[in-house]
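This briefing concerns the pockets of one protein model and the residues that line them.

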Amino acid sequence: MPAGDPDLRVQALHWLTECDPVAKVAGVRALWASVAAARAEERPIGLDSEAILVPPSDRPLPGRPPRPRLIPPGSVPPRSPFTPEGHAALVHAICHIEFNAINLALDAVWRFSGMPVAFYADWLRVAAEEAEHFTLLREHLRALPHPAGGHWDYGDFDAHDGLWTMCEKTAGDIVARMALVPRTLEARGLDATPLIQAKLRRAGTPAARAACEILDIILRDEVGHVAIGNHWYRWLCERAGLDPVAHYRTLARTYQAPRPKPPFNDAARRRAGFTDEELAYLEQAVG
């Protein structure tokens with residue numbers, strides 16, 4: 001943690017550039033615990049919302065370990081839960097998504113100035129919950145036997161960088177960030193998770209059942225994360241006098257967002273705040 005600097009956004013940037021997953025998770029959890037305690041006790045938190053921060057030149061953005069090797073999304077092989085190695089590859093893929101999600105939330109905290117305190121607190125809480133998801137999945141992965149001996153771990157399979165790529169594309173537009181990361185890319189997890197769980201239940205192994213239980217936790221929390229994205233997207237649109245649905249179409253075209261992929265988990269999306277008009281748009285936009 002930056003010595004002597006209690007500012008929430010400065011610390012978020014520091015943990016974003018941390019490469020060691022264990023240190024990143026611990027730092028994010030500790031930072032959120034301190035902020036949550038201050039807010040519960042109605043104490044002020046260290047926060048300069050107007051500061052324009054600059055990433056340090058001697059640390060990577062984002063910080064991540066040397067493995068997994070990152071390859072194009074289309075080159076990632078399919079992952080089946082019906083073999084031990086396929087199960088490990090599937091869990092690894094979700095673990096990688098959750099690690100990226102920590103970085104995405106931290107990036108929202110440090111990068112965008114001039115927002116209400118609640119915005120920064122919301123995204124820091126998301127980062128802490130994503131850190132918990134990553135930890136649960138990594139612990140599960142490390143309990144799975146490796147065919148060469150020992151156990152699997154994060155970094156043992158290739159992965160792609162699609163989430164962070166959209167984070168970079170929307171770095172200069174907070175409205176686009178809220179539209180296209182939490183309520184587009186991360187919202188796809190609301191649709192995909194039940195399908196993954198169905199496959200795991202068909203596999204029926206103890207490991208598959210354990211993974212299903214972890215995904216129950218993740219799905220519950222991700223509804224809240226997407227709801228936060230919906231809230232701040234609409235808040236920003238209202239501030240700018242934009243129609244949320246019409247402007248979303250513009251942003252999706254401008255930033256080449258991936259097309260929606262059915263089937264949609266309408267129940268979870270409604271809990272996350274999607275309106276009937278937005279759900280109808282998803283159905284129309286399928287291509």
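α9 (244–254) contributes six residues to the lining of the second largest pocket, the most of any element. The model is predicted, so that local features need pLDDT of at least 70 and side-chain atom pairs count only at pLDDT 80 or more, while totals for chains, interfaces and linings use all residues. Residues are numbered from 1 along each chain as its sequence is written, and side-chain values use heavy atoms, without hydrogens and water.

**Terms**
- A pocket is an open set of points on a 1 Å grid over the protein atoms alone, where a 1.4 Å probe fits, with protein on both sides within 12 Å along at least five of seven lines; lining residues have an atom within 4 Å of a point.
- A volume is the space filled by probe spheres set on the points, which are joined across faces, edges and corners.
- Helices are DSSP runs (H or I, at least four residues), numbered from the N terminus.

**Second largest pocket**
- Its volume is about 390 Å³.
- Of its 23 lining residues, Tyr248, Ala252, Pro260, Tyr281 and Ala285 lie nearest the centre.
- Besides α9, the elements giving two or more residues to this lining are α6 (174–185), α7 and α11 (276–285).

**Largest pocket**
- The volume of the largest pocket is about 1400 Å³.
- Its lining has 42 residues, and those nearest the centre are Arg79, Ile97, Arg188, Ala192 and Ile196.
- At least two lining residues come from each of α3 (84–111), α5 (162–169), α7 (188–203) and α8 (206–240).
- With nine residues, α7 gives the most to this lining.
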